[in-house]
Amino acid sequence: MYASDPDPVSRVPVSSRAQILGPEIRDPFLLAIGGTPLVPIVRLSEVSAGGFELWAKAEFLNPTGSVKDRAAFEIVRSGIEGGNFDGGRTLLDASSGNTAVAYAMLGARLGFPVELCLPRHASPDRIARIRAYGAEVISTDPAEGTDGAQHEARRRARERPEHYWYPDQYNHPANPLAHYRHTGPEIWQQTTGRVTHFVAGVGTGGTISGTGRFLKEKNPAVRVVGVEPDGPIHGIEGLKHLPSALRPSTYDERLVDDTIRVETEIARGMRLRLARKEGLAVGTSSGAAVAAALEVGRQNPGSIVVTVLPDADRRLEEVPTR
C-alpha cells in the first residue's frame, strides 16, 4: 500500500525553496532546480517477492534534465558569494557529462564563461548541448575516463590561476551540501519520514553522501546503499567503480552501509524495462540504481526504498529490444 498523503508525489513549494536559496539569486528559472516529485515504481516492484515499496526521485525533471543541476547550482552560488568570478574569470571543471551541461546552462543564464574537460567518448548529445549554451569543450583521453578529465582541468588551472576558477566538483563541499540542504529534506517530507533505505549511484558521491547524511540524522536506522559498476571498464555513464578510480572527497564512505555493483547489461536492460513497464525514459545509471533498489527491497520485506533517477534518455531505440 502506498501513502495516501499527496505530498509523496508533489513538488516542494517554490516559496519554500526560495527561502532556502536566499536573496542573491532570484531567477525563477533557477528556482525550478530541485523539488522533484517522488514517483512510485509499481509494476516492477510488484513482480518482486517480499512486499516492499519502491519510490524514485525524478531528477530528470530538473531544468537541464539531471540531478547535477542541484550540485552545479550550489557550487556556482558559492563561487559568486566568494568572489571567484571577479575579473571575468572562467569556470573550469571536469565532468562525465551532466554536470558539464548544468554548468554551461548556468554560465549562459548568469553570464560567466565556462570551459569543461570531458572524455572524448562522452555522449555526443551532451557535448552538443554544452556547446549550444556557449561553453567550450576540452576533449581528453577516453581511456582515462573522468580521471583523465580531472587531470587536464587541474593542469590548466595550475598554469593559469588568474584566468580560471576551478571549483572541482569531485572535491567541492557544496556538492554534497546541495543534497543535504535539499534532496534529503525533500525525500523525508515526501515519504512522511517512512523511508527505510536510500539507494543511489556513486559518481562524485555528492548525492549519496549529502542525502544519506540528512536521512541518517533524522533516523539513524535508515540504511544507505551505494551503486557502482561491477568493474573499471563499463558502460554506465556517470558512475564510478571506486576501487579503480580517483576517490572523490565528496564521497563519505562512513555514511554508506553497503555497496551493490551492477553489470552494464543489467543496467541497460532495466533502463528499457523502466520505459516499458513504468513509462520512465531514463538513462543507464537510473537502470543500475533501480536494479540495485529492487534487490534491496527483495532482501528487506516491508521496507520503504527510495532511489534516484539521475537523468532522462530519449534514445531508447538504441537499446536492443530482445
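Does Thr211 count as buried or exposed, and at what relative accessibility? At 0% relative accessibility, Thr211 counts as buried, a term that stands for under 20% relative accessible area, with exposed meaning over 50% and partly exposed lying in between, for a 1.4 Å probe and protein chains only.

The structure is a predicted model, in which local features need pLDDT of at least 70 and side-chain atom pairs count only at pLDDT 80 or more, while totals for chains, interfaces and linings use all residues. Residues are numbered from 1 along each chain as its sequence is written, and side-chain values use heavy atoms, with hydrogens and water left out.

The chain as a whole holds 10 helices and 10 strands, where helices (H or I, at least four residues) and strands (E, at least two) are DSSP runs numbered from the N terminus. Of the 322 residues in the chain, 57% are buried. The accessible surface comes to about 13400 Å², and carbon and sulfur atoms account for 50% of that surface; such areas come from the Shrake-Rupley method with a 1.4 Å probe, and for residues only the protein chains shown count as cover. Among contacts (heavy atoms within 4.5 Å) between residues at least 6 apart in sequence, 73% join residues at least 24 apart.

One place to begin is an open sheet of 4 strands, which has the order E5-E4-E3-E6 and parallel pairing; two strands are said to pair if DSSP finds at least two bridges between them. Strands E5 and E6, the latter covering residues 164-165, form the edges, and each pairs on one side only.

Within this sheet, strand E4 (residues 114-119) has 6 of its 6 residues buried, so it is largely enclosed by the rest of the structure. Strand E3 (residues 90-94) runs parallel to E4 and is joined to it by 4 bridges. Along this pairing, Leu91 has Val114 of E4 as its bridge partner, Leu92 stands opposite Glu115, and Asp93 is partnered by Leu116.

E3 is itself mostly covered, with 5 of its 5 residues buried: Thr90, Leu92 and Ala94 point one way from the strand, whereas Leu91 and Asp93 point the other way. E3 is also joined to E6 by 2 bridges, and these two strands run parallel; here the bridge partner of Leu91 is Trp165 in E6. E4, for its part, pairs in the parallel sense with strand E5 (residues 136-140) over 5 bridges, and Leu118 has Ser139 of E5 as its bridge partner.

Another open sheet has 6 strands in the order E1-E2-E10-E7-E8-E9, with mixed pairing. Strand E1 (38-40) and strand E9 (258-262) stand at its edges with a single partner strand each, so one side of each is left without a neighbour in the sheet. From one strand to the next the twist averages 25°. Strand E8 (residues 223-229) pairs with E9 in the parallel sense over 5 bridges, and Glu228 has Arg261 of E9 as its bridge partner. Helix H8 (residues 206-218) packs on this sheet, touching strand E7 (197-201), E8 and strand E10 (304-309), and its direction makes about 170° with that of E7; angles run from 0 to 180 degrees between N-to-C directions, and axes are lines fitted to C-alpha atoms, for helices over the stretch in contact.

Helix H8 is where Thr211 has its place. Not counting residues up to four places away in sequence, Thr211 touches His179, Tyr180, Thr183, Gly184, Ile187, Phe198 and Gly206. The C-alpha atoms of Thr211 and Val224 are separated by 9.2 Å, with the two residues 13 apart along the chain.

Finally, the axes of helix H9 (residues 264-278) and helix H10 (residues 284-299) come within 7 Å and cross at roughly 90°. H9 and H10 are therefore roughly perpendicular to each other, the class for angles of 65 to 115 degrees, while under 35 counts as roughly parallel, over 145 as roughly antiparallel and the rest as oblique. The residues making this contact include Ile266, Met270 and Leu274 of H9 and Gly287, Val290 and Leu294 of H10.
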